[in-house]
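Dear colleague,

I am passing on the structure that I have been working through, and I would be glad if you looked at it alongside these notes. The sequence and the model come first, and what was found in them follows.

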Amino acid sequence: MARSRRASCIRVTSDECRRIFDEADEDKDGMLSILEFVNALKAMPEAGQLDDEEATEVFVDVDADEDGLVSWEEFQAVFDEDDEDETRPVSPTEAAAINAAAFESDDD
């Protein structure tokens, strides 16, 4: 799965990824609604600066099958730093710069 440019800098360990997903999945159906997903993002330090509109855009990017829900597999594929190899981690400052650049290029 191609990683969202907005979400590409939001990475957590496998354990953290699972914990965040499970805590956000309030109805325990194994899927995150938009509201549950936004709560999951708020639990990630790198994503804490996203406003609701930006978080919704990340949700749309992560919802690969476009069913209006984010499954564990979709969530893990994007946010789990151990799920696929990364060239290097990014700092929160770099993450903010990457996000700013992504939003600037979306206005084209």
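**A buried phenylalanine and its helix**

Phenylalanine 79 has a relative accessible area of 0% and is therefore buried, where buried means under 20% relative accessible area, exposed over 50% and partly exposed in between, with a 1.4 Å probe and protein chains only. Please keep in mind that this is a predicted model, in which local features need pLDDT of at least 70 and side-chain atom pairs count only at pLDDT 80 or more, while totals for chains, interfaces and linings use all residues. Residues are numbered from 1 along each chain as its sequence is written, and side-chain values use heavy atoms, with hydrogens and water left out.

Phenylalanine 79 belongs to helix H4; helices (H or I, at least four residues) and strands (E, at least two) are DSSP runs, numbered from the N terminus.

**How H1 and H4 meet**

Helix H1 (residues 14–24) packs with helix H4 (residues 72–79) at an angle of about 140 degrees, their axes being 10 Å apart. Axes here are lines fitted to C-alpha atoms, for helices over the stretch in contact, and angles run from 0 to 180 degrees between N-to-C directions. H1 and H4 are therefore oblique to each other, given that angles under 35 degrees count as roughly parallel, over 145 as roughly antiparallel, 65 to 115 as roughly perpendicular and the rest as oblique. On the H1 side, Cys17, Arg18, Ile20 and Phe21 meet Trp72, Phe75, Gln76 and Phe79 of H4.

The structure holds three salt bridges, a salt bridge being a side-chain nitrogen of Lys or Arg within 4 Å of a carboxyl oxygen of Asp or Glu. In one of them, arginine 18 pairs with aspartate 22, with the closest N and O atoms 3.0 Å apart. Arginine 19 forms a salt bridge with glutamate 16, where the closest N and O atoms are 2.7 Å apart, and also one with glutamate 23, where that separation is 2.9 Å.

Note on methods. Contact means heavy atoms within 4.5 Å.
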